[in-house]
Amino acid sequence: MDIFEYMRKERSKKESPLAVRMRPRTLDEMVGQTHIIGKDRLLYRAIKADKLSSLIFYGPPGTGKTTLAKVIANTTSAQFVQMNATTSGKKDMERAVDQAKDALGMYGSRTILFIDEIHRFNKAQQDYLLPYVEDGTVILIGATTENPYFEVNSALISRSKIFRLEPLSREDIVSLIKTAVYDEERGMGVYGASITDEAADFIADMAAGDARAALNAVELGVMTTEPGEDGKILIDLETAGECIQRKVLGYDKNGDNHYDVISAFIKSMRGSDPDAAAYYLARMLDAGEDPRFIARRIMICASEDVGNADPKALPLAVAASLATERIGLPEARIILAQAAIYVAGAPKSNASYLAIDKAMETVRHGKTAAVPPHLRDGHYSGAAEFGHGIGYKYAHDYPEHYVRQQYLPDAITGDRFYEPTENGYEKNIKDRLTRLRSREDDE
């Protein structure tokens, strides 16, 4: 390295974005991802022992994929070569492989080849790496935001260990924010800034597990906020909202307004107002509400308030919930909107909800009389001696697969729990039950 290169790197350290300066240098400085780099975990032990095999890190932006690769670079005795698939090509890979061969042949030194955005390499480019990963010329570490099982060559997948990095928790992000504000060596501490707990919580919520987004907001806040009368910079809630480009809405995920908005969302779907449902859904998403929580409320509404008036509502809501978990935001907003709008527009019936509550109330008040003998299990030896199963009529042997017989216990025979409405498909259920119950040809 010449003097100019040295000066460039030293200047870069001081002028780099906060998110770069705050990047952990060791495993002990890493925040989150304890499921893969906790002290009792395989990856932690492999890094510490310098016994790595090829790896692929998979997860959303800002979760530490590149950071973890750089930590490995700082920890291992192997040569470390980094490239980005968006700007590198086959010639760059050939150069890296040649250097790895020289290092291995001349010094017995292994080479770690870190490829960021590896999913952007085409199949031919990925295929080029296969023999060198196979024979140990390079230890491949790939990082991708896409599911590697779909975007990375299956041969590379079979030769690598896959580790999924999860979005950082709210608590982890808050910890990073406060360290960044007050750290004088690598953070913004030299500016004498401070941040309120409310502002840190808000930025953490809006960052949605993305450490880079949170640190960028902190840096913008400190660098653009004028000092107060005391000469100090204060990042408050209003400033935080400006820095992360989100309006500070009247919505606290842990406060009363949280329950007000979700209540309005549910009542809008129940009241068949898709416009209001979409509005409150947007309120919750923009405020950082967990999309899985929203999906659960839609599923409940699909059963409680739509029920058998439209039996397709619940399967659609369940499918939306699964898709939300697999896809995540921001695309999951579309899935949630489709489900909420469908439930809002569907015919409504709470008959099933009322039926189970009425039945449970009956059970709680002690009306749990004996099961009629003909309905009891008659398959075991000696059951007939007790009269169990005798006289039972098999419904499929009768017209329309229905036969009139006693199902409820004697004490509550005649009680009616389910009262189907005239709405949607439930009218069909009501008409069928009414017709079957009035038949006189079963005896």
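Good morning. The protein carries 56 positive and 66 negative side chains, and the centres of the two sets are 4 Å apart. Here Lys and Arg count as positive and Asp and Glu as negative, with His and the chain ends not counted; each charge is placed at NZ of Lys, CZ of Arg, CG of Asp or CD of Glu.

This is a predicted model, in which local features need pLDDT of at least 70 and side-chain atom pairs count only at pLDDT 80 or more, while totals for chains, interfaces and linings use all residues. Residues are numbered from 1 along each chain as its sequence is written, and side-chain values use heavy atoms, with hydrogens and water left out.

I turn to the overall form. The secondary structure comprises 20 helices and seven strands, taken as DSSP runs numbered from the N terminus (helices: H or I, at least four residues; strands: E, at least two). The radius of gyration is 31 Å, well over the 22 Å that the globule rule gives for 443 residues, so the protein is more spread out than a compact globule. That radius is taken over C-alpha atoms, and the rule is 2.2 Å times the number of residues to the power 0.38. Along the principal axes, the C-alpha atoms fill a box of roughly 105 × 65 × 35 Å.

Of the 443 residues, 42% count as buried; buried means under 20% relative accessible area, exposed over 50%, and partly exposed in between (1.4 Å probe, protein chains only). Among contacts with a separation of 6 or more, 71% are between residues 24 or more positions apart, a contact being heavy atoms within 4.5 Å.

Next, helix α17, residues 313–327, which contains S321. Is S321 buried or exposed? S321 counts as buried because its relative accessibility is 9%. Leaving aside neighbours within four places in sequence, S321 is in contact with A295 and M299.

Finally, the backbone. Most residues other than glycine have a negative phi, and most peptide bonds are trans. L329 and P330, however, are joined by a cis peptide bond with omega of about 10°. P330 lies in the loop between α17 and α18 (332–345).

Two residues other than glycine deserve mention for phi. S272, in the loop between α14 (256–270) and α15 (274–286), has a positive phi of about 60°. S272 is partly exposed, at 39% relative accessibility. E400 also has a positive phi, near 60°, and is found in the loop between α19 (351–364) and α20 (426–437). With a relative accessible area of 37%, E400 is partly exposed. Thank you.
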